[in-house]
Structures are given as C-alpha cells and as structure tokens.
Amino acid sequence: MFNNKLAYLFLTTLITLVLGGLFIATAQTYGGTLKVAMTTNPPELDPHIQGTSDSTRQIAVHVFEGLFTYDEEYNVIPQLVEDWTVSEDELIYTLNLRTGVPFHNGEIMTSEDVKASLERYREVAEGGQIFDGVISIETPDATTVIITLEEPIGTFLTVLANPRPLLAILPAKLGDAREPIRPPELIGTGPYKIIEWRGDEYVRLGRFDDYAPNELVEASGLGGKKIAYIDEIQFIPVREAGTRVAGLETGDYDYVAALPITSLDRIEENNNLQSYILKPRWRIIAPFNHKSPVGSQLEFRRAIQIALDMDEILQFVMSGYDDFYLAHPGFFPPEQSVWHSDVGAEYYNQGNAQEAKELLSSLGYKDEPIKLLTNRDYDFMYRTALVIQNQLQEIGLNVELEVTDWPGQTALTREDDGWDLTVTGSSLRLDPGAETVFGCRYYTKYCSETMEGFILQGIQESNVSTRQNIYRKIQELAYNDVPVIMIGDIYELEASQIFVQGFSSWYTPRFWNVWIANE
Amino acid sequence: MSIATFALIHAIPGDPAAALAGVDASPEAQDRVRQRLGLDEPLPVQYLLWLRNTLKGDFGQSIFLGRPVLQVIYDRLPATLSLAVLSLTVSLLIGIPAGIFSATFAGRWQDFSLMMIAMLGLSIPDFALGLFLIFYFGVHLGLLPIGSYVPLTNDIGAWFTHLLLPAFTLGFSQAALIARMTRSSMLEVMNLDFVRTARAKGIHGIELLLKHAFMAAVIPVITVIGTIAAVLLGGTFIVETVFAIPGIGDMVVNAIKRRDYPVVQGGILLVATIVILVNLVIDILYAYFDPRIQYS
C-alpha cells in the first residue's frame, strides 16, 4: 500500500513536472524583436496603391485590416464587419461595423472612414474599377454602411476581402490622397503600426497596444482574433539568397523567406532551425503570344502542349526535391479544393513527342526560329524555359532562348513581335475571380468571346456550385484553345529559428499569434 | 556623361512599372503605375526635365525608395566610403609589404609563392571570395558577422567587425595588383645607380629598402592607387550586394534591376565625381613624393 502510494505520488509529480515543462516551453509569451529577412523592399507602404507587390502586402497585412478577409480554407470571413445582410436582388449590402475599433492614432473607426477608403480604392487601386458598379455608399450612422450596386456582383464580398491590393480601411481624412500615403500619416487598425520606414534598409513595426482583436472569429488565414505577442518586427530586405541562408544560420535573422531549395538539408540538420513549406506558392505557366506566327496557330500551340513533360520540368526546377512541386492540370491548386479541377488532364503532362511531331508535320513547319522569352531574376522561370527549349528541340522545333531580366521580359511581352512563348509565375489568387491570364487584356492577346463571357459570369455569379462549374468550363476552354500552358505548382522553402513559435506558412507570412519562446 | 548614363539605362528594355506593380500584376496595373510616374512622356522630354532639376541640385525622387535621391545617397554614402577606405587600407597593408618582400627574394621560392597567391587574388571573382568568406568565417567558425552595416558613430567595434569580411573581399584582389606593381617597380629601382651608390656607402637591409628604394619605387604604385579607387568603387556594387550592405553600390545595382532611373543617374553621377576627385588628389600626391614634379 505504502509502495503504491509512493508510486502514485511519484507518478503524479512526474506528470505535473512534464506537463508544466511543456507548458512553459510552449506558452505564449509577450516581448522580443523579430528580425525578418525578405527578398526585396516595399517600394511604397500604401496598401491601396502599391498593394499588388508582395513586399508591400507582406507588411500591409500586419498594419491594416479590411472589412472582410480570407480564412485558411479560402473562405471569406468578416474582419472589421460584425454582421451583414444582402438584399434578395443582391443589390444592397448592409454592413454593420464592429464597434470601438481604434486606428493607430487612437481615433475610433466609423462608417465615414469606410466610405472614404472604398472611394479612394476605386480611384487608385488596381481592379478598383469594380466599384464603378456601385451606385451609392451611404452611412446612416457611425457603424452602418449601405452599399448599393447597379447590377448584382455575385463575388462582391471577395472584392471587399481582396488582399491584393488590400482594401484597407484608412482614416477618412486620407481619402483624398491620390499619391502614395507614407508614414507617419499612414495608419490602419491592425495589430502592428509602422514605427520607421527606411527605404530599402528596413521597415520597423511595433505592437499597437490598443488593438481591438476580432473576438467573434477564430484566428485563421488573414483574419480572426489576432494577438500581437512580439514587441517589434523588423522587415529587412536581403536580396542575395545565399546571404539569407547564412544570416539564418548565424542567428542574424529569425525568419527568412524564399530560401533556395538546395539549403533544405543544411537547415534540417541544424537543431536551432525549423523549416516550412509555403504551399502553394507559384503556379508556373507558359503563355503564348497570339499575335506571333507560332502562337497564332492553334495546332502549333497544341503540339507544344502535348510535347511537354511537366514532371521532368518541375523536377529540374526544384532540383529533385519532390515535396516541393506538384504536376497537376488544374489552373487552381488542389489546396483550393472548391476551385481545383482535373478537367483537361488528357492534354496535360503527356510528353508525347510522337503525336507532337505528327501535328507539326501537317503544319509545314520549316525550321523557323521560335523565340522563348525568359529572365534570370526568377530562377524558376529560367530553369523552366531551359527544359522547355530542350523538350521542344527534341520534336524538331528550332527554339531560341531570349534571356533578359524581369523588367525586360514584361516590356518585351507587351509587344506583338519578337517573342512566341514565355514562362511566368503567378502567386495564389484567393478567389478565382481575380484570375487574369485568360482575359483579352492579358499580354497573350488571346481574345475569345466565349472565354470573356465565362470570366464575366464567374464574377457576377454568387452561387458557389454554379461558379465551380464556370471555372471548370474556363479550364476546359483553356485546354482546348491553349492561350497558356499549365506547367505545374512549385512551393517555397521558408525557415525560422526554433524559438519562433506559433508560425505557420500560408499565402503570406503572418507574425500575429507568433511569439518568441524563452530560451 | 549624364547623357550616356541616361541613354544606356533607357536602352535596356523594361521600365519601373514592371517591378513596381509586382510579378504577376496585370498590364493595366502597370499602365496605372507608368502614368503615375510620368513615364509616358517622350524620352528627350524626360531627360531635359531631369537635367534641369539636377542643375538646380534636385536629383529627383526615387521610384522604389519613396525618398529624394539625394537623401538616399546621403544616407548610403558613409557605408560605401567606409567600405572603400577599409578595402584600400587592406590592399595597401597586404600589397606593399608583399611586393617589397617579393622583390627582395626575387626569383626564389618565396617570390614565386607570393606571386602565385597574387595571381589567385586577381583571378577570384569578388562574389565567390565573398561567399566563401561568409560561409567559412561567418557560418562555419562563427567568428565574424556576415554583413549588414553598423554606422561608425553607433559602435566603432561593430562597424569594424561588420566591414572586415567585405573589406577583405574587395581589398584582396587589389592587394594582389599592388603587390605585383610594387614588386616590379622595386626591382627596377634596385638596379638603378643611386641604389648601388647607397649600397657602396654601406646602407643595407631595411633602411636601404624602405628609405631609398621604396621611396623611389612608390610613384608608379600611387598612380595605380588612383585606378584602384575607381575599381574599388566599382567593386562595391558586387560586394555590397553579397554582404547586404546598404551602400551606393547596392543602391545602384538594385536601381538598375528595377529601372529606378533617377537613382541610377544620381548614383553614377556621384561615383564619377568621386573618381575624378580621387585622381585629383593623386596628382597632388605625386608632387609630394617626387619633388621633381611641379604644377605651375
């Protein structure tokens, strides 16, 4: 009996100690500075004007909030809005704002701020034209906004939730600014405020002590209940990938974005570091120039599509690390299960040189050079182009690689001449309505009335299963008309020091609900 | 000079809108940016506008840094000057003794080995040496910080340790050049009559080498220092990028990549001015080392 008691006591003490130890090891703690090494600096911090570039968005999501945002499953969730109603004809949106949400200057956000922000966004932001369909924005009281549309826009909430450019709610007095707003005037309602911005040296964010978290929604994706544990976040641009790796290993940086895949083994062997896979990250596509002799012929485009072996391409691009790529036919990734589809799989990743040659022989191709435009700023684009060149040479195409830099590539693809095919990457669209590569205004200059019709329907429709159907049709048409070739998805390696706790990779780095564990 | 810079940077296809709007921004987003920045004006108009403002001391506004170019240059100049001065010191401290040493042992194995190292120094590209030093001294041994910059006024020790690896990277190849110059110049002087006379008078060893031979041999070396200063400033473009030092070189490289025209033009103009000034100082130094040279 005595022995049993002693054993019981011993066991309970042990359990308490172990659990207590675990608790101490993982308990969220306030304080500390997080040094974040990013690939480039934000040219401006204004979320409306500069919000399409990754570097600005990475900082903006900590400083600003919108009316709605996305959770980790890509659903729209309310952020500054408490609840809302949509009239039956889908023309009137009544939004009730959360109360007592302060800006970084202490002033409480009101419906006037929302109205001014929406109006500014319409004027200055990419895609702001969608608000041209808004007849009126009324503010009957400080916490109610009534938006009336001319025609139903089924995806209107996704517009309000758009993180790219972020539809941030700024103080009403900034509403008239048509030029980029800069700190210290630039303030929002987010968990962090901008302390200092020094061009391309660093941006320092500090915790906003009076931040009002959204208690109604659990933290997920870009929204929900955010807690700023870390006192200060420093975003430091470190352009050399090798320097980012070294800085992580020496402890100069606490979190590092976009690491070369070849550094994975070193990081995994290091007990002080932890690695993450950012998934999905880039969708690689090869757009055709539909004004060029090659790109304008459907059979030619099909021959190239059927010839390509995506497994080989992606394997080369990601140096054989097969956790870091996925060959699949969907223009929307499997992670976006609502929009992902395998339609067109019979044309994808065929690597069928024989069929490609047969298609080509009927075209009377006589060794005319085919210009494949690429750049060396984005290594994955360059490496993709190298394999494409190789695979197309095997079916007898005379492919010449035109190598430039990124600004060069974007300038040259605007031209009708001088290129036939190029390689580019797109980051994730949280809603397929934001997809641009199939549209007539994209630089492929592929203009199909059917496609334009589908694109419009996709934006106007609000019913999810109807939209699913529309995006399947878009994908099917894309495989039949081949405006662009889907190559596949590649993922990105990120890493942090082991004491950075609570971080998870998703879409863009998020440092709220992340803390520095005591060593 | 300014026309050449302007023409060259505009001759490369692409403009800032591509980089500014983001990697997968639509053509519309880029047009919006282009319009906002006034890049839709004809090139001669853009050049004349820039020239007019520059003559008034206004170098314009950086497209990517959200600040006036002059301010950006002012913020970054200390880092680049620190790096250049330290690199020059490194190259002189290594190069001159190595050259004298080699000359003393001319034709023997000591000379041969040193000149081999010098050849190596001249052949290794800066970025390769830099990355090697980062991984060996920074990551593997953990002895030195691997870059970034601490201002001299903040902490002189940290300023020095942060700049040591980059300064060595940049200075090493120039040390090799100086060593070779010093060696050949010393060898030439050692065969001259006055050295023989000095020897005959019983002057030997260090005194002969440093007081007599070196003072005469240093003139061609000083000429090289002028060239080296220009090369060092050019070298900062690469070394600053590798070591993430926010200096003028890093600024210009990024500006070229992103077509930040005002920064490229301002930066190149500044570097050109510095090179001219350094060469002016060198000309004045000649007169000091060789009293026969006089400027009337």
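Helices (H or I, at least four residues) and strands (E, at least two) are DSSP runs, numbered from the N terminus. The model is predicted: local features need pLDDT of at least 70, side-chain atom pairs count only at pLDDT 80 or more, and totals for chains, interfaces and linings use all residues. Residues are numbered from 1 along each chain as its sequence is written, chains are lettered from A and ligands numbered from 1 in the order in which they are written, and side-chain values use heavy atoms, with hydrogens and water left out.

Backbone geometry was examined next. Most residues other than glycine have a negative phi, and most peptide bonds are trans. Val482(A) is not a glycine, yet its phi is positive, about 50°. Val482(A) sits in the loop between H13 and strand S18 (484-497) of chain A. Its relative accessible area is 0%, so Val482(A) is buried. Buried means under 20% relative accessible area, exposed over 50%, and partly exposed in between (1.4 Å probe, protein chains only). Tyr74(A) also has a positive phi, near 70°. Tyr74(A) is placed in the loop between strand S2 (68-70) and strand S3 (76-78) of chain A. With a relative accessible area of 11%, Tyr74(A) is buried.

One joins Arg164(A) and Pro165(A), with omega about -5°. Another joins Pro183(A) and Pro184(A), with omega about 5°. Pro165(A) is in the loop between H4 and strand S8 (192-198) of chain A. Pro184(A) lies in the loop between H4 and S8 of chain A.

Helix H12 (residues 449-460) of chain A has 12 residues. From first C-alpha to last, H12(A) reaches 16 Å, close to the 16 Å expected at 1.5 Å a residue. The expected span is 1.5 Å times one less than the number of residues. Met451(A), Phe454(A), Ile455(A) and Gly458(A) are buried in H12(A). Seen down the axis, the buried residues of H12(A) fall within an arc of 100°, so they line one face of the helix. The arc is that of the directions from the helix axis to the C-beta atoms. An α-helix has 3.6 residues a turn, so residues three or four places apart point the same way. The cover over the buried residues of H12(A) includes helix H13 (464-481) of chain A. Contact here means heavy atoms within 4.5 Å.

A disulfide is a pair of cysteine sulfur atoms within 2.5 Å. The count is 1 over all chains. Cys440(A) and Cys447(A) form a disulfide, with sulfur atoms 1.7 Å apart. The torsion about their S-S bond is about 75°, so the disulfide is right-handed. Cys440(A) is partly exposed at 29% relative accessibility, and Cys447(A) is partly exposed at 48%.
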